[in-house]
Amino acid sequence: MTIILDHITLTYPDGPAQVTALDDVCLTLHPGEFSALVGESGSGKSSLLAVAAGLQQPTSGTVAVDGARGLIFQQPNLLGALTAREQLLITDHIRGQRPRRDRADELLERVGLGSLGHRRTGQLSGGQRQRVNIARALMGSPAVLLADEPTSALDSRLAREVVELLVDLTRENGTATLMVTHDRSLLDTCDRVLEMRDGRVREVRPVS
């Protein structure tokens, strides 16, 4: 087990009414497993990701996580004044750790940016910035990786490259990865496909 969402319900007020964003969701993600979560806008995908990431407290139910969580946001949100390498090293600073330059260089190499660590954000393409975003999320060696529409700003070729990279990293590191996506053309790369509808999750394609 890496992360278990056990009977998660999330409600919030909407005027006099009560909206149910998540309705008794049960979900387990396992090490080395790459899962995609699809669904219409407003189905509860973002709410589920926020609860799994610990950014939102559920109204009821529990989240059990075995290890750290890494987050990959839709927009990289990189700091313009920093180089690609410094984007990774600042995560150590935030954690109060000594900067692990070898770890940062190793990750940049793994995402195909080994020679670009000295470049600032403005000198990188959209695909390169998203790769920095992925490497930054991996700095803490997370057991769980949660990605929110990581390819939404990329063309189809770059989107597939980024997802295939995430799949490889998931298997190499034994990470449990959950990616929210609207791009169904990428689902063939996934071990498992889940669909969100009206706050509930159903299995579309399980791990074989």
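Trainee: In the hairpin of strand 1 and strand 2, which residue takes a positive phi, and how many residues lie between the strands?

Mentor: Glycine 15 does, with a phi near 70°, and two residues lie between the strands. This is a predicted model, in which local features need pLDDT of at least 70 and side-chain atom pairs count only at pLDDT 80 or more, while totals for chains, interfaces and linings use all residues. Residues are numbered from 1 along each chain as its sequence is written, and side-chain values use heavy atoms, with hydrogens and water left out.

Trainee: How many bridges join strand 1 to strand 2?

Mentor: Strands (E, at least two residues) and helices (H or I, at least four) are DSSP runs numbered from the N terminus, and two strands pair if DSSP finds at least two bridges between them. Here nine bridges join strand 1, residues 3-14, to strand 2, and the two run antiparallel. Isoleucine 3 has leucine 29 of strand 2 as its bridge partner, and threonine 11 stands opposite threonine 20 in strand 2.

Trainee: What is the order of the strands in the open sheet?

Mentor: The three strands have the order 2-1-4, with antiparallel pairing. Strand 2 (17-29) and strand 4 (60-65) are the edge strands, each pairing on one side only. From one strand to the next, the twist averages 25°.

Trainee: Which residues of helix 2 are buried?

Mentor: Buried means under 20% relative accessible area, exposed over 50%, and partly exposed in between (1.4 Å probe, protein chains only). In helix 2, residues 84-95, the buried ones are Ala84, Gln87, Leu88, Leu89, Thr91 and Asp92. These buried residues pack against helix 3 (101-110) and helix 4 (126-138). Just after helix 2 comes glycine 96, with a positive phi of about 80°.

Trainee: At what angle do helix 2 and helix 4 pack?

Mentor: Axes are lines fitted to C-alpha atoms, for helices over the stretch in contact, and angles run from 0 to 180 degrees between N-to-C directions. For helix 2 and helix 4 the angle is about 25°, and the axes are 9 Å apart. Helix 2 and helix 4 are therefore roughly parallel (under 35 degrees; over 145 is roughly antiparallel, 65 to 115 roughly perpendicular, the rest oblique). The contact (heavy atoms within 4.5 Å) is made by Ala84, Gln87, Leu88 and Thr91 of helix 2 and by Val132, Ala135 and Arg136 of helix 4.
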